[in-house]
Amino acid sequence: MDSGRARTLAGTALVVGGALTVLGFVTAEALYPGYSAADQTISALGAADAPAASQTTFNATMVVTGLLLLPVAYALHEVYGRPVLTGVFAVTAVGVAGVGAFPTQTGVPHVVAAFVAFGGLGASALAAGATVRGPMRYVAGLLGVAELLALVAFVALGGGTPLGIGGLERWVAYLGVAWVLAFGGFLFGGVDAS
C-alpha cells in the first residue's frame, strides 16, 4: 500500500471511529431513561442492568470502534514505519474493543480494557507527537498529556469533584476522541509524509 492510500485509510478509520464513539455514547444515553452523566460512568451504558438497547448500542460501538483502529496501526506502519506508534495504536484498538466485549459487570477484564484504551489514547498521541512534523506534533503532545492527566485525575478523584464520576470520565473520553479526530484530519491533509 502506498503512503497516500495508507494515510487515507488511517484518516478515514480515525474520523469514522471518533464520530461513531460520540454518536454511540449519545444514543446509548438517550436509550437509558434516568441515566446520569454526572453520577454514572460511561461504561454503565453497557452494563447488565442498563436497558437492552443501551447495552447493545454502547457495547457494539466500542467493539466496532476498536476494530476500526486495527487498520490504523497497519496504515501508520506503512506511512511512518515506527514500531512504537504502530504498537501503541494496535494495543489501544484491543483495549477499546475490550471495553465493549467485556462489559462493566465482568470486573477486572473491563477495568483492564478501559485503562488500556484510555492510557493508549494518551500514549498514541505522545507517540505521534514524537513522529510527525509541524504544528500537529504540538497538538498531539498537548492532547496526549491532557488525556493522561485527566486519566490520573479520574483515578485519584473518582466522583469527588463537582463533575461527578461520569463527568470526570467524560473529560478522559472526549480528550481521546478529540485526539482521534484531530489526527484523522491531519492524516487526510497529507502534510507530513515522513
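Helices (H or I, at least four residues) and strands (E, at least two) are DSSP runs, numbered from the N terminus. The model shown in these views is predicted, so that local features need pLDDT of at least 70 and side-chain atom pairs count only at pLDDT 80 or more, while totals for chains, interfaces and linings use all residues. Residues are numbered from 1 along each chain as its sequence is written, and side-chain values use heavy atoms, with hydrogens and water left out.

View 1. Leaving aside neighbours within four places in sequence, Ala-173 is in contact with Phe-25, Ile-42 and Phe-118, contact meaning heavy atoms within 4.5 Å. Ala-173 and Ile-42 are 131 residues apart in sequence, yet their C-alpha atoms are 8.8 Å apart in space.

**View 2. Ser-54 in helix 2.** With a relative accessible area of 0%, Ser-54 is buried. Not counting residues up to four places away in sequence, Ser-54 touches Ala-28, Leu-31, Tyr-32 and Leu-45.

**View 3. Asp-49 in the loop between helix 1 and helix 2.** Asp-49 counts as exposed because its relative accessibility is 66%. From Asp-49 to Val-94 the separation is 45 residues in sequence and 25 Å in space, C-alpha to C-alpha.

**View 4. The largest nonpolar core, with 50 residues.** A nonpolar core is a set of buried Ala, Val, Leu, Ile, Met, Phe, Trp, Tyr and Cys residues joined through side-chain atoms within 4.5 Å. Leu-76, Phe-89, Trp-179 and Phe-183 touch the most other members of this core, to which two or more residues each are given by helix 1 (3-30), helix 2 (52-80), helix 3 (83-101), helix 4, helix 5 and helix 6 (164-189). Among the residues in contact with Leu-76, leaving aside its neighbours within four places in sequence, are Ala-10, Leu-85, Phe-89 and Phe-183.

**View 5. The largest cavity, of about 290 Å³.** On a 1 Å grid over the protein atoms alone, a cavity is a set of points where a 1.4 Å probe fits but cannot get out, and a pocket is an open set with protein on both sides within 12 Å along at least five of seven lines, while lining residues have an atom within 4 Å of a point. Grid points are joined across faces, edges and corners, and a volume is the space filled by probe spheres set on the points. The structure holds one cavity of 30 Å³ or more. Of the 23 residues that line the largest cavity, Thr-21, Met-62, Val-96, Phe-118 and Leu-121 lie nearest its centre, and helix 1 gives the most to this lining, with six residues.

**View 6. The largest pocket, of about 190 Å³.** The residues lining the largest pocket include Thr-41, His-110, Phe-118, Phe-154 and Glu-169. Helix 4 (108-129) and helix 5 (135-157) each supply at least two lining residues, and the largest share, five residues, comes from helix 4. By class, the lining has six nonpolar, four polar and one charged residues, where Ala, Val, Leu, Ile, Met, Phe, Trp, Tyr, Cys and Pro count as nonpolar, Asp, Glu, Lys and Arg as charged, and the others, Gly among them, as polar.

Note on methods. Buried means under 20% relative accessible area, exposed over 50%, partly exposed in between (1.4 Å probe, protein chains only).
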